[in-house]
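Here is a short note for someone opening this structure for the first time. Please keep the view beside the text as you read.

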Amino acid sequence: MEKIPFMDLAAQYQSLESEINAAIRRVIDSRAFIHGREVEEFSREFLRVHGGGLGIGCANGTTAITVALRALGIGPGDEVLVPNHTFIATAEAVVEAGARPVLVEINENWRQMDLVDAKARLGPRTKALIAVHLYGLPEPMEEIMEFAGAHGLKVIEDCAQAQLARWNGKPVGTFGSIATFSFYPGKNLGAFGDAGFIMTGDAQLFDFIRCYVDHGRQDKYVHEFFGINARMDGMQAAVLGVKLRFLETWTERRRELARAYDELLSRRGFRVLKPHDRARAVYHLYVVEVANREEVAAEFKREGIGYGIHYPLPLNAQPAFAALGYARGGFPVSEKFAERIVSLPFFPEMTLTQLQTVADVLTRVGRP
Ligand SMILES: *Cc1c(COP(=O)(O)O)cnc(C)c1O
């Protein structure tokens, strides 16, 4: 049987090969290897396409979160609420900024941050909340902003998996103080290496961010304050600039494929992720729950079907978190979810025939 990969970056490159090669050539010829014109142009275009006020390309999506926290003055002695079910980077960036991540249980329905649990975990040092639009499913942003407002918290939106997603018609990342994005190669918009983006609607924050990621530089050799080196490479900006033109089309295709999976799998009793009515989900991953994941995984291997698990351990169970003292069993919803999820093959170039095959194999061996 034909193998079905989990994702297929080669197919995407083949469709854009000559344009991408020309863009890379342009960077070599102009030697704008770091920051410079390519990064400026890409940053402007990304803000226009996604929708957002001010922003700049940076080194990666993890550092972007750390920079956002620093820009908001969050550091040692401060606590930041983070959902217990996310990629480690969301919490790791808080540690890197010198603050303490406080893990929050996810919600039964939406599988995103549960605000009742968040409230119970507030303390005098809680300064911010990171909303993660995981899998490209937007968080209910009015509720989050209302909660944050009531408790004096700053909001950072981790949009690493949610380029072009919208909540109630408004782009994700435009609700909180600062939004961060990742262009890791496998993300919906992926570079040829590490890259990320920081966005804000606040000119003062933007001034700080722009300098901070570039050695605190105002001028070539005038440094206002100590910053870091977290710049985007020209090569990445050039590649991303080409791919950005296709992002809307790829996103629509992701939505169409997700609807097809939804239809096939929910009919057979599987629990799939349901975005809220007011959300435009962009499906970075297609995640479904099964009761017998090991059997499903074994069958996928036999049939040559790729899959992933995002993520097999909730943050409280990560060895890296041991020192923070979270016990196993303290987050029943996320711990159970992490045992049941499987990410199915999912990429814009996937055919409906491939999707049907995956759904057939899953329903043959999987138990809802
Ligand atoms: C990928 C990802 C990040 C980190 O981005 P990098 O560019 O890999 O550093 C952060 N948060 C989430 C939710 C992610 O998926």
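**Cavities, salt bridges and a surface patch**

1. Start with the lining of the largest cavity. Its residues divide into six nonpolar, five polar and five charged. Here Ala, Val, Leu, Ile, Met, Phe, Trp, Tyr, Cys and Pro count as nonpolar, Asp, Glu, Lys and Arg as charged, and the others, Gly among them, as polar.

2. A word on the model. It is predicted, so local features need pLDDT of at least 70 and side-chain atom pairs pLDDT 80 or more, while totals for chains, interfaces and linings use all residues. Residues are numbered from 1 along each chain as its sequence is written, and side-chain values use heavy atoms, with hydrogens and water left out.

3. How many cavities of 30 Å³ or more does a search of the whole structure find? The search finds two. A cavity is a set of points, on a 1 Å grid over the protein atoms alone, where a 1.4 Å probe fits but cannot get out; lining residues have an atom within 4 Å of a point. Grid points are joined across faces, edges and corners, and a volume is the space filled by probe spheres set on the points.

4. The largest cavity holds about 120 Å³ of space. It is lined by 16 residues. Nearest its centre lie Leu-9, Gln-12, Lys-187, Arg-254 and Pro-348.

5. The second largest cavity holds about 40 Å³. Its lining is Trp-110, Arg-111, Gln-112, Leu-134, Tyr-135, Leu-137 and Leu-273. By class, that makes five nonpolar, one polar and one charged.

6. Now the salt bridges: the whole structure has 23. Each is a side-chain nitrogen of Lys or Arg within 4 Å of a carboxyl oxygen of Asp or Glu. One network of them links Glu-108, Arg-271, Glu-289 and Arg-340.

7. Look at Lys-127 and Asp-78. Their salt bridge has its closest N and O atoms 2.8 Å apart. The pair links distant parts of the chain, 49 residues apart: Lys-127 is in strand E4 (residues 126-132), and Asp-78 is in the loop between helix H3 (61-71) and strand E2 (79-83). Helices (H or I, at least four residues) and strands (E, at least two) are DSSP runs, numbered from the N terminus. Lys-127 counts as partly exposed because its relative accessibility is 36%. Asp-78, at 11%, counts as buried. The cut-offs are under 20% relative accessible area for buried, over 50% for exposed, and partly exposed in between (1.4 Å probe, protein chains only).

8. Next, Arg-231 and Asp-214. Their closest N and O atoms are 2.9 Å apart in a salt bridge. Arg-231 lies in the loop between strand E11 (222-223) and helix H8 (234-244), and Asp-214 in the loop between helix H7 (203-212) and strand E10 (217-219), so the pair ties together parts 17 residues apart in sequence. Arg-231 is buried at 18% relative accessible area, and Asp-214 is buried at 10%.

9. Arg-280 and Glu-252 also meet in a salt bridge (2.7 Å, N to O). Arg-280 lies in strand E13 (residues 279-280) and Glu-252 in helix H9 (residues 247-267), so parts 28 residues apart in sequence are tied together. Glu-252 is partly exposed, at 33%.

10. Last, the surface. Ile-28, Phe-33 and Ile-34 make a nonpolar patch of about 250 Å². Patches are made of residues with over 30% relative accessible area and no salt bridge, with like charges joined within 9 Å and nonpolar side chains (Val, Leu, Ile, Met, Phe, Trp, Tyr) within 5 Å. Accessible areas come from the Shrake-Rupley method with a 1.4 Å probe; for residues, only the protein chains shown count as cover. Ile-28 lies in helix H1 (residues 9-30) and, at 37% relative accessibility, counts as partly exposed.

Conventions. On a 1 Å grid over the protein atoms alone, a cavity is a set of points where a 1.4 Å probe fits but cannot get out, and a pocket is an open set with protein on both sides within 12 Å along at least five of seven lines; lining residues have an atom within 4 Å of a point.
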